[in-house]
Amino acid sequence: MKILNAQQIYEADKNTIANQQITSDELMERAATQLFNWMHLRLQGAPVKIQLFCGIGNNGGDGLVLARQLQKHGYLINVHVVNYSENRSHDFLLNLDRLKERKVWPNFIGPKDELPKIDKEDIIVDAIFGIGLNRAPDDWVTEIIKHLNNSKAFVLSVDIPSGLFVDKAPENGDSIVRANQVLSFQLPKLIFFLPQTGIYSNQWELLDIGLDQVYLNAVENEYELIGKNEVLQWYKPREKFSHKGTYGHSLIIGGSYGKIGAVLLASDACLNTGSGLVTAYIPTCGYIPMQTALPEAMVITDSTEKMVSKIQFDIIPTVIGLGIGIGQNEVTVKALKEFLSTNKIPLVIDADALNIISKHKEFLKMIPAKSVLTPHPRELERLIGSWKDDFEKLEKAKAFSIKFNLIVVIKGAHTITLCDGKGYVNTTGNPGMATAGSGDVLTGMITGLIAQGYDSLRATVFAIYLHGRSGDLAVEKCGYQALTASEIIDFIGDAFLDLFKVQEVSDLKEDTE
Ligand SMILES: NC(=O)C1=CN([C@@H]2O[C@H](COP(=O)(O)OP(=O)(O)OC[C@H]3O[C@@H](n4cnc5c(N)ncnc54)[C@H](OP(=O)(O)O)[C@@H]3O)[C@@H](O)[C@H]2O)[C@@H](O)CC1
Ligand SMILES: [K+]
């Protein structure tokens, strides 16, 4: 599903109005009717007080239409207009008149006015700012937002939590509404998925307002939200007359004394993802544990007991997963340099191999094009330098990925894959997956899909989806705390099977609780 920027959303709006021959206030009516239906379905006429806080733009206009519809259906409403500008939008004014025609007189709040009383049993509708916010709110507006946040009432935000910019980081957390629920129009917004801005939307859901499909299909989006629909179309079914050679040979290179388990997890995940053959390249000390714990994998040992000292093998792998548990010993650094200087096979690079590369940036040029880098935040920082906010992080990582022609994975609650200037935002996974070895499993899974002939980008995005889905299925059985990396591997098969189950509504909404 496409994630559009603010300018593109306005374009979608314009195209809809032109192509469907409707007026802008008819589109607003449509949007707000969806808001009303959502609330009415849940409230069923309950006598709860609904306090609507509306701005003076179209987000506020949505709030006014919603107020009118709620009042028509007998709900108890209090409408407040946060009067932050004289520059009121046309559709706001139109709907203000329509509300007054129904004898509803909003309470206008200006800079010096007393703030309305809010009880914790009330419902707050936040329609102060939408995607039109273009500067930090004034101090007195911030005070109103703080008042809403401190009220303990349930907050429902229209389109986005007021005070967030759509395309850049906010300056002051106090001026952002903390929404229990966001009802966003048709398209997900990037801010729902970034750690700094995602915290303001406890749950979000999309309301289809019938925006022009021709425009939506044609528009070039910088970010894409990845759910089941997106990955399912890439799935490669198994052929009847295929054999293990059809599904590639993955080589997992890594391990050091005390960290053989990382290679074990990656190799196991790689096999469970469908790689035809898996060979592990590890220091000698790992030979027996690997062969015992994972009989399906083949093992090549380094000549050194406790670390990788020379990367040499006589097999021809399809793809190589490199770096898990490998350590940063000088001998290993040298081995890595020698290996990279001649290797032409696509790589999936993780963990200490990334840290070594961060210290020896000259290695970057030796990595085959479209290889995959899977850093966690600290590893990413070592690679690209620090950032001031999530948006700068994305821009820096994107520039880095373009410069070296690599695929960069930014791991997080919503892992984002960057390739050729575009970002793919994952929707699966849960906090239980923040556990030792989870990253090793992901590296094995990406490697396993590349081995089977998926191109590196699809393999990465698909593996991240499956990895998160495995974790989501596993957590239903064991809970967040007891979820281990091995458990994630156990559910990879279920995650594949789950691809063919009917799409769930939960793909379109999120609960970050
Ligand atoms: N296609 C869709 O998705 C549909 C979208 N719809 C709805 O429209 C919403 C966008 O509406 P919007 O463009 O009128 O902007 P909104 O956020 O209401 O802001 C109002 C104005 O405030 C101003 N302003 C900015 N920052 C400020 C500040 N700090 N302090 C004071 N003033 C500030 C700025 O005007 P300026 O002062 O710059 O001239 C801005 O224009 C969208 O979120 C959705 O709810 C639906 O109705 C239909 C379909
Ligand atoms: K809002």
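Me: How is the protein chain divided into domains?

Reply: The model is predicted, and in it the protein chain is divided into domain 1, covering 2-220, and domain 2, covering 231-500. The C-alpha centres of domain 1 and domain 2 lie 42 Å apart, and the contact takes 8 residues from domain 1 and 7 residues from domain 2.

Me: Which element gives the largest share on the domain 1 side, and what classes of residue are there?

Reply: Helix α6 (residues 195-198) gives the largest share of the side of domain 1 that touches domain 2, namely 3 residues. By class, that side of domain 1 has 5 nonpolar, 2 polar and 1 charged residues.

Me: And what does UniProt place at residues 227-499?

Reply: An unreviewed UniProt entry places the feature "domain: YjeF C-terminal" at residues 227-499. In the model, the end C-alpha atoms of residues 227-499 lie 10 Å apart, and the span is 44% helix and 14% strand.

Me: Switching to ligand 1, which residues come nearest?

Reply: There are 31 residues around ligand 1, and of these Gly-57, Asn-58, Asn-59, Gly-130 and Gly-132 come nearest. The elements that give two or more residues to this shell are α1 (6-19), α2 (24-43) and α3 (58-72), with α3 contributing the largest share, 5 residues.

Me: What's the class make-up of that shell?

Reply: The shell around ligand 1 has 14 nonpolar, 12 polar and 5 charged residues.

Me: Which residues does the "binding site" annotation cover?

Reply: The UniProt annotation "binding site", again from an unreviewed entry, covers Asn-59, Asp-126 and Ser-162. They span 104 residues in sequence, yet no two of their C-alpha atoms are more than 9.3 Å apart, so they gather at one spot.

Me: Is Asp-126 buried or exposed, and where does it lie?

Reply: Asp-126 lies in strand β5, and it is buried because 32 other C-beta atoms lie within 10 Å. Leaving aside neighbours within four places in sequence, Asp-126 is in contact with residues including Phe-53, Leu-148, Val-155, Pro-161, Ser-162 and Ala-179.

Me: Where is Ser-162 found, and what is it in contact with?

Reply: Ser-162 is found in the loop between β6 (154-158) and β7 (181-185), and with 29 C-beta neighbours inside 10 Å it counts as buried. Setting aside neighbours within four places in sequence, Ser-162 is in contact with Asp-126, Ile-128, Phe-129, Ile-145, Ser-157 and Val-177.

Me: On to the strands, what is the order in the open sheet of 11 strands?

Reply: The order is β1-β9-β18-β17-β16-β15-β14-β13-β10-β11-β12, with mixed pairing. The edge strands are β1 (2-3) and β12 (298-301), each of which pairs on one side only.

Me: How does β18 pair with β9 and with β17?

Reply: Strand β9 (residues 223-226) and β18 pair in the parallel sense over 4 bridges, and Tyr-223 has Gly-423 in β18 as its bridge partner. Strand β17 (residues 416-419) is joined to β18 by 4 bridges and runs antiparallel to it, with Thr-417 standing opposite Tyr-424 in β18.

Me: Last one, in what sense do β15 and β16 pair?

Reply: Strand β15 (residues 372-373) and strand β16 (residues 407-410) pair in the parallel sense over 2 bridges, and the bridge partner of Val-372 in β16 is Ile-407.

Notes:
Residues are numbered from 1 along each chain as its sequence is written. Chains are lettered from A and ligands numbered from 1 in the order in which they are written. This is a predicted model: local features need pLDDT of at least 70, side-chain atom pairs count only at pLDDT 80 or more; totals for chains, interfaces and linings use all residues. Two strands pair if DSSP finds at least two bridges between them. A residue is near a molecule or strand if its C-beta atom, placed from the backbone, lies within 6 Å of it. Ala, Val, Leu, Ile, Met, Phe, Trp, Tyr, Cys and Pro count as nonpolar, Asp, Glu, Lys and Arg as charged, and the others, Gly among them, as polar. UniProt positions are given in the numbering used here, feature names are shortened, and annotations may be inferred rather than shown by experiment. Domain bounds come from an automatic or database domain assignment. Two residues are in contact if their C-beta atoms, placed from the backbone, lie within 7 Å. A residue is buried if 20 or more other C-beta atoms lie within 10 Å of its own, exposed if 12 or fewer, and partly exposed in between; C-beta atoms are placed from the backbone.
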